[in-house]
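I opened this notebook to keep track of what I looked up, one topic at a time. The entries follow the order in which I went through the chains.

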Amino acid sequence: MRTFTAFRYSEWSMKKKLFGYMLLLAVLLLLALMTGLFLFGRFDSAEKNAYESLDVQMECFEKDVFTHFQRLAAAGLELSENTTGLLEAHLADHDLSFSDLNDSAEEIAALQETLLEPLRQKLLQENCSGAFILLDVTVNSSVPDAAHSRTGLYLQQNGYKTSDKSILLYRGLSDLGKHHGMMPHRKWRLEFRTDIFPDYSKLLSCAVSAPEEAYLLTERFTLPGTSEDAVLMAAPIVGTDGTVYGICGFEVSASYFRAYHAQPTKLAHLTCLLTAGSPHSLNASAGLSCGVSGGYYLEPKGIFSAEEADSGLLTLSNGDTSYIGITRTLSLSPNNEPHIIASMIPKADYDRAVTKIAIQNTVLWALILFFAISCCMYFSRRYLTPILKGLEQIKSDRRSEAQSSIPEINDLFVFLAEQDRQHEDSLYALTMQNQSVQSENARLQLEYERAQMTYEKAQAEYAKAQRDLSDAKKELDRLAYSRKTEIDPDDYQYFLSGMQELTPTERDIFTWYLEGKTANEILALAGIKQGTLKFHNHNILQKLGVSSRKHMLRYAALMKQQKDTPSS
Amino acid sequence: MKRFISILLTILLLLPIFSGCGDKTALDPDDPITLTMWHVYGEQADSPMNRLVDEFNATVGREKGILVTVTNVTSTSKISPLLEEAIAGGPDAPEMPDLFSAHTITAVTLGEEHLLDWNDHFTADELAGFVPEFLADGMMGEKLAVFPLSKSTYALFINGSQFARFSADTGVTYEDLSTWEGFFDAAAKYHEWSDGKPFCAFDYLIRHVEFDVMTRGGEVEYTQDGWYNLNSPSLEASWLKFARPLVQGHIAVSDQYANTQVMTGETLCGIGSTAAITYYNDTVTYPDNTSEPTNLKVLPLPRTEGDTQYMPMTGVGLCAYSTTAEKAEAASIFAHWLTEGERNLDFVVETGYMPVNSDAFEAIKTYKFPNGGYESLYHAIRTMREEYIPVVRPSVGRYYDKLNALYDGLRQTLPAMGARAEQGESLDALAAETWEFFRSIR
C-alpha cells in the first residue's frame, strides 16, 4: 500500500516530478538514438562485424587465389607451347620421332639437357614451389611396370620461404641435375609414376580442348616419399600434329600456398580455404589453406558441413572443430568443377566477440543511462534550488528584503511585499482597535476589582458578626456548664498547690491518668506492682485534696483548659 | 547517491585488479598463442616432427591454448645462417621463429640474451632424467640455452641388395668393414668390381681423420681462429691415410648427402649422420631405371687400429627465442611434452637419433623397430655407445666456411686425380697433393 502511494503522482514533490519528466525525456532520447542507430545500421553487432571482416578477407583471398592460379595457368600453357617447340626442334635435329625416345637413355638425356634450363627459368619466374615436364616415354620399357614409368624433369624450390633459393631435382637424371647445380631431392626418383600422378588421364584428355582452355588444377596429392601435399596447375603438351607428348605445369605445395597466401589481417585466427566440394560440404583435406601473416595457422582437416548462421554467416563444422565463415565458388579452370573458397574464424573467437560486444553495449548503455539519470538529478536540483530557496524566503519573515536569480520569483516578492504592506495596514488598524478594547477592558476590570473589594469587606463584616454571635453563644454555654458543674475555687486552689508536692513518680502517674491511660497500662509503663500503684494513687489523691480519681481528672481538665486558654 | 557512486567507481576500479587474481597461467585455451618453429627433422621428406607438432596441437596444445606452427623445415647446415639472418633483421630477413633447432655454436652466435634459459622451466629432478653430457652440450655458461631433443652420431649405411651381390663375387663381408683397413680394402675391390664406382661417399670426411689422429694417440690441434693446425704431423699422417683411397676414387666426398648417391646407385654405401636414415629410399634406382630394394644395412663406424675408438656426438637441440612470458610458458609446455620418455623414444627412432633421456636410452634395447634398416641402425648406435667415446668438436669462427671450401675443392679435383692414378701417377704424390690443398685453406 505504501508502495502504491509512493507512485501517486498527485503526491509527488515538484522536484520528483521534474526529475521524472527529465528522466522520461532522456529515456525517450535514448530510445530514439537506439532506433536511429538500428535503422541506419550503425548499431555495433558482432555478427555484422564478423561478416564485414570476413567478407573483406574473402575479397582479398579470392583475388589472390584467382590471380595466382590464372597466372600459373597462363604460364603452364606457355611452358607447354615452349616445350613443344623445343621437343619438336630436338626431334627434327636428331631426325627422330617422339616414340623413338623410348628406351633411348642417350636421347632422353640430351632432351632433358635441352629442357632443364628453360624449366628452371620458368620455375624461378612463377610463384610456385615446383615445375615439371612429364614426357610420355620411358628410358627402359623392359623394367617391371614400365607402362606407368615416364621420363621427365621435376624441379622444386628448396628455400622459397627463405633466402636459400636452391633448386632440387625431384625427378630426372641425377647426374644432369648435379651438372647444373641442382642436387637430387632426398626422395629423388628417375622417372614419374603415372599411376599415382594426380588426374593424369584427365590431363591428357584436356588435349582436345581449345589450346587456351587446355589446363586444369589437379586434386591435392602427397608428393611421393614426403609428407608434403600439393596441387598442380598442369597442361598437356600437344604437338603441332596433335600428338600428346606429355604434360607440364607448376606445383603449388600446401606449404607454399600457406606461405604465399598468408593473409595480413586483424583477425588473429583467420583461416582461408580453397577446396573442392559443394558450398554446403567442404572437404578441407582435399584443399589448400592458409592462415595469418606472422604465424597463426591451424590446418582445417576433414569434411566441414555448412549451416546458416546469423547475418549471412555460416557455421562450418567437422564434428571436432567449428568455424564461422563465409564461402563462395571460384572457377579456376574450364576443366574443373568450380572450387569453393572459404574465409573463416574459429567459432570460439566468434562467440567471444559476440559476448564482448554484448558486454560493451550493455556497459555503454548503462553508462549513458547512468549519465542521463545523473544529469536529470543535477539539472533538476540546479533548476529547483533557487525556486525552493525563493519559497523558503517567502515563508520567512524577511521576504521583503529577499532577492532571487529568477525574475518571476522577484516579481512574486514584489507582489507579496505589496500584499504584506496592505496586511500591515490592516494589522495596524486592528491593533489600534485592540488597544482601545483593552483599555476599556482595564477600566471595567478596575471597577470589578473595586466591587470585589466592597464585597469582600462586607463578607468580613458578616464573618465578624458571625464570630461575635458564636462567642456569645459559647459564653452562654460556659456559663450554663459552670452552673451545672460548679467547682469550689478553694478546693481547686488546694488541688493546684498540691500538684507542686507530687513526687516525680506520682506526677508521672498523674500525667498518665490525665492522658487517659488505664491502671494496667500505667502498671506496665511504670514497671510497678498493683499495690505500689494503689499506694501512689492514695498519696496523689491525698496531696491534691480530691476524693476520687474522677474528681482529680475534673480538676486536671480544668487546669489544662486554663493552661490552653490564653489569659484574657 | 554520492555514496552509491563512490562504491560503484571503487568496484569498477578494483575489478581489473581482482580479475587478475588467481591466474596461474598466461595461456588461454580460447585464445591460443602461436609459436612458430623451424626445425631440421625431415627436410624434403616425411617429417616426424611435423606429425608430433600436429599431435601436440590437437591434444595438449588445444587444451592449454598453444598452437605450434612449423614455418620452415630445413637442414642443420642451412638453419644457422637463416637464424643469423633472421636475428639480424632487415627488410628481406625472415621473422625470427619462437622455437628452432640449433647447435650450441649457433646459439652463441645468436646471443644468449635472446634465448630462453630452460633451467628456469625444468626442475632439477626433471633434468636429472636427461643424459648429463647431452645437457652439458647445450650449456652457455650457467644457462641451458639448447635443450637436448635428440643427438646423433655417424654410421655406415650400405645398400644391402648390391652388397650381397658384391660380397658373393668378392668374398667381402660386413665384418671386413669393421676396421678402416678392411674398409679400404673392400673399397678397392668394389671400385674394380663396379667398373670404377666409389665404394662409399663421406659426408663428414674430416671427422674420421680427426678420430684417426686421436686413436693413434695424437691430439687434434686448432688454431686461434678455429681451423686446424696444419703443421701437425699426426694430422698429416691420418689425412694421407684417407687421401690414398680418395685419390684412387675408391671413396668419395659426398655431393651433399651420401644418401642421394646411394639411392642413385652411384656408391654402394655412405657414411653420414644416423639421422640420414629418414632420407634413405626403400629402393635404389639406377640410371637405366632398373631398381631394387635398398635392404639398408647400418654398421658402426670402422675402427682405427688402437685401443680407444671415438664417435662424434652431434645434433641440434631446441632453442626458444626469448620474447614474452606467455610464449616462454608455451615453449616450456611444448618442450616438456616433446621430451617425455615414450614420445622422445618414438621420435628419435623415427628420425635416427639417440634418445636424450636415460629411460628412453634403456627402453631402446627392447624397442620394436619398423624395419631391418632401423634395427641395424640402433644396433650400430648401441655398439658405438658402449665401445666408442663420444666427442663434441668445438667449432668457432669461420670453421664451416673453410671446411666447405675444402670439400668443394676436393669434389672438383678428385675426378681428375682418379684418372691420373689410373694412368700410374704416384698415389703418395696425389695424396700429398690433397694435403697441400688442405694446407692451402686458411
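**Entry 1: the model and chain B overall.** I note at the outset that this is a predicted model. For chain B I looked up the secondary structure and found 18 helices and 16 strands, and along the principal axes its C-alpha atoms fill a box of roughly 110 × 45 × 40 Å. Of the 442 residues in chain B, 55% are buried, and the accessible surface of the chain comes to about 18500 Å², with 52% of that belonging to carbon and sulfur atoms. I also checked the contacts between residues at least 6 apart in sequence, and in chain B 75% of these join residues at least 24 apart.

**Entry 2: the interface.** How much area do chain A and chain B bury between them? I recorded about 3500 Å², with 51% of it on carbon and sulfur atoms, and the contact takes 41 residues from chain A and 45 residues from chain B. On the side of chain A that touches chain B, the elements giving two or more residues are helix 5 (174-179), strand 5 (183-189) and helix 8 (347-395). Strand 5 of chain A gives the most to that side, with 7 residues.

**Entry 3: a salt bridge between the chains.** The rule finds 5 salt bridges across the interface of chain A and chain B, and I looked at one of them, in which the side chains of A:Arg352 and B:Asp31 meet at 3.9 Å, N to O. This pair crosses from helix 8 of chain A, where A:Arg352 sits, to the loop between helix 1 (2-19) and strand 1 of chain B, where B:Asp31 sits.

**Entry 4: salt bridges elsewhere.** Over all chains the structure holds 45 salt bridges. In chain B, the side chains of B:Arg385 and B:Glu133 meet in one of 3.4 Å, N to O. B:Arg385 lies in helix 16 and B:Glu133 in helix 7 (residues 132-137) of chain B, so this pair ties together parts that are 252 residues apart in sequence. I noted relative accessible areas of 27% for B:Arg385 and 33% for B:Glu133. A further salt bridge joins B:Arg420 and B:Glu433, whose closest N and O atoms are 2.8 Å apart; B:Arg420 is in helix 17 (residues 399-422) and B:Glu433 in helix 18 (residues 427-440) of chain B, 13 residues apart. In chain A I found a network of salt bridges that links A:Asp55, A:Glu59, A:Glu62 and A:Arg328.

**Entry 5: helix 14 of chain B.** Which residues of helix 14 (residues 341-351) of chain B are buried? I listed B:Arg343, B:Asn344, B:Leu345, B:Phe347, B:Val348, B:Val349 and B:Thr351. Their cover includes helix 2 (48-58), helix 13 (325-338), helix 15 (358-363) and helix 16 (372-387) of chain B. After helix 14 comes B:Gly352, with a positive phi near 80°.

**Entry 6: B:His39.** This residue is found in strand 1 (residues 33-39) of chain B and counts as buried because its relative accessibility is 0%, where buried means under 20%. A polar atom of the B:His39 side chain lies 2.9 Å from the backbone nitrogen of B:Tyr41. Leaving aside residues up to four places away in sequence, B:His39 touches several others, among them B:Ser47, B:Met49, B:Val70, B:Ile79 and B:Ser101.

**Entry 7: a nonpolar patch.** I found a nonpolar surface patch of about 420 Å² made by A:Leu24, A:Val27, A:Leu28, A:Leu31 and A:Leu369. Helix 2 (residues 14-39) of chain A gives the most to this patch, with 4 residues. A:Val27 has its place in that helix and, at 31% relative accessibility, counts as partly exposed.

Entry 8: A:Asp103 lies in the loop between helix 3 (46-93) and helix 4 (105-125), and A:Asp145 in the loop between strand 1 (130-135) and strand 2 (149-150) of chain A. Both count as partly exposed, A:Asp103 at 42% relative accessibility and A:Asp145 at 40%.

Methods: Residues numbered from 1 in each chain as written. Chains lettered and ligands numbered in written order. Predicted model: local features only at pLDDT ≥ 70, side-chain atom pairs only at ≥ 80, totals over all residues. Heavy atoms only, no water. Patch = residues over 30% accessible without salt bridge, like charges linked within 9 Å, V, L, I, M, F, W, Y side chains within 5 Å. Areas by Shrake-Rupley, 256 points an atom, 1.4 Å probe, with all protein chains shown as cover. Salt bridge = Lys/Arg side-chain N within 4 Å of Asp/Glu carboxyl O. Buried < 20%, exposed > 50% of the residue type's maximum accessible area, 1.4 Å probe, protein only. Contact = heavy atoms within 4.5 Å. Buried area = accessible area lost by both parts, 1.4 Å probe. Polar contact = N/O pair within 3.5 Å; in protein donor to acceptor, adjacent residues only side chain to side chain.
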